[in-house]
Amino acid sequence: MKLLVTGGAGFIGANLVHHTLATRPQHEVTVIDALTYAANEASLASVRDKITFVQGSITNTELVDKLISETDLVVHFAAESHNDNSLNDPSPFIQTNLVGTYTILEAVRKHGKKLHHISTDEVYGDLELDDPAKFTDQTPYNPSSPYSSTKAGSDLLVRAWVRSFGIHATISNCYNNYGPYQHVEKMIPRQITNILTGIKPKLYGAGQNVRDWIHVDDHNAAVWAIIEKGTSGATYLIGADGEQNNKAVFELILELMGKPVDWYDHVNDRAGHDMRYAIDATKLRNELGWTPQYTNFRDGLQATIDWYADNEAWWKPLKAAVEANYAKRGQ
Ligand code: NAD
Ligand code: TDX
């Protein structure tokens, strides 16, 4: 099968490329990536001779049309992905997440190809800390930020193209991923690389916000289960029951890195900060037989800390600019 991976030089996309070459070497992989600030070509350096890499935007109609005409399946990761950036400037989020997804859908429709659309649980909004509910594929959409609202819009476009035009597409919504190759703007790599460079971790607000954490490899194994066994038009929620509040994650990172567990700063909170995410992944587990492999968060986090410690050349050139941006916002 020929596979087109959009956003394959980003965090989850690059991990999907590695996962695919390791587990399904019979497939031919092409990556399209605009190489925005969030991409890192070094993430694909070890496999560059095994894939085709095209630098370009998913909003480029001609390029997208050509690449999709030559593929069997599109796995669509490309997005502007950081909530904090979307609060500063929503415009690239509108372009890539909405117009880019529309551009892909039109080419998929024209050429009769398959699509798997990657999305987030943030489309469902947030939950109260004491709410026993978790998100399911029946939960109404209620996004909070420019980022999550554009992801919600992209999901709705995919659903409409399935219903109105009969395209073959599946959607998955996952929560916070962690693992290697994640940009240092995101919470876990930011704190690990802060500690590695002698900076105190920066906790937003009181740190009571809860995120549900999943290892990126478990996410990508679920993506493959959906591609191979999922039903067109269906939405699958991917989750591994990893709820933790931010303060607890900070304390664990500090403990694993040999620092006092209170060695962090409280900084300005995020505007509109979602309180809690939690996913009910029963459908994925029961219908498709997927189970997570990284069930011990402490071990997964230790491996991630080791990866950042061993791969300074990958993240060091990005670090100062990211921290300068955060500093402007008192974060
Ligand atoms: P990322 O920011 O690390 O990578 C995004 C990639 O997309 C980058 O390589 C970037 O260059 C590329 N890109 C951006 N705009 C583009 C454009 N116009 N054309 C082509 N390429 C473009 O993001 P990520 O964390 O790997 O997230 C990937 C996908 O997974 C996103 O759709 C995101 O919404 C979704 N998701 C992420 C998480 C998470 O925890 N990171 C959780 C759930 C869902
Ligand atoms: O320095 C920080 N300190 C801090 O306390 C940063 C960067 C974040 N935080 C908090 C905010 C969140 O409650 O940590 C939590 C996680 O923050 P992010 O890593 O920015 O992730 P989040 O906003 O939860 O979104 C992530 O998961 C869902 C991804 O970035 C999205 O792409 C995905 O859709």
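A polar contact is a pair of N or O atoms within 3.5 Å; within protein, one atom must be able to donate a hydrogen and the other to accept it, and residues adjacent in sequence count only if both atoms are side-chain atoms.

## Basis of the model

This is a predicted model, in which local features need pLDDT of at least 70 and side-chain atom pairs count only at pLDDT 80 or more, while totals for chains, interfaces and linings use all residues. Residues are numbered from 1 along each chain as its sequence is written, chains are lettered from A and ligands numbered from 1 in the order in which they are written, and side-chain values use heavy atoms, with hydrogens and water left out.

The side chains of H273 and D269 are joined by a polar contact of 2.6 Å. H273 lies in the loop between β13 (265–267) and α9 (282–288); helices (H or I, at least four residues) and strands (E, at least two) are DSSP runs, numbered from the N terminus. Its relative accessibility is 13%, so H273 counts as buried. Buried means under 20% relative accessible area, exposed over 50%, and partly exposed in between (1.4 Å probe, protein chains only).

H116 belongs to strand β5 (residues 114–120). H116 is buried too, with a relative accessible area of 0%.

## Around ligand 2

There are 21 residues around ligand 2, and T120, Y147, R190, R270 and H273 come nearest; a residue is near a molecule if one of its heavy atoms lies within 4 Å of it. Both α6 (187–196) and β8 (202–204) supply at least two residues of the shell around the ligand.

An oxygen atom of ligand 2 is 2.8 Å from an N or O atom in the side chain of T120. The distance of 2.8 Å is also found between an oxygen atom of ligand 2 and an N or O atom in the side chain of R190. Taken alone, ligand 2 exposes 660 Å², and the protein buries 95% of that. Accessible areas come from the Shrake-Rupley method with a 1.4 Å probe; for residues, only the protein chains shown count as cover.

## Helix α7

Helix α7 (residues 216–229) has 14 residues. From first C-alpha to last it reaches 20 Å, close to the 20 Å expected at 1.5 Å a residue; the expected span is 1.5 Å times one less than the number of residues. Of the 14 residues of α7, 10 are buried, so the helix is largely enclosed by the rest of the structure. Among them are V216, H219 and W224.
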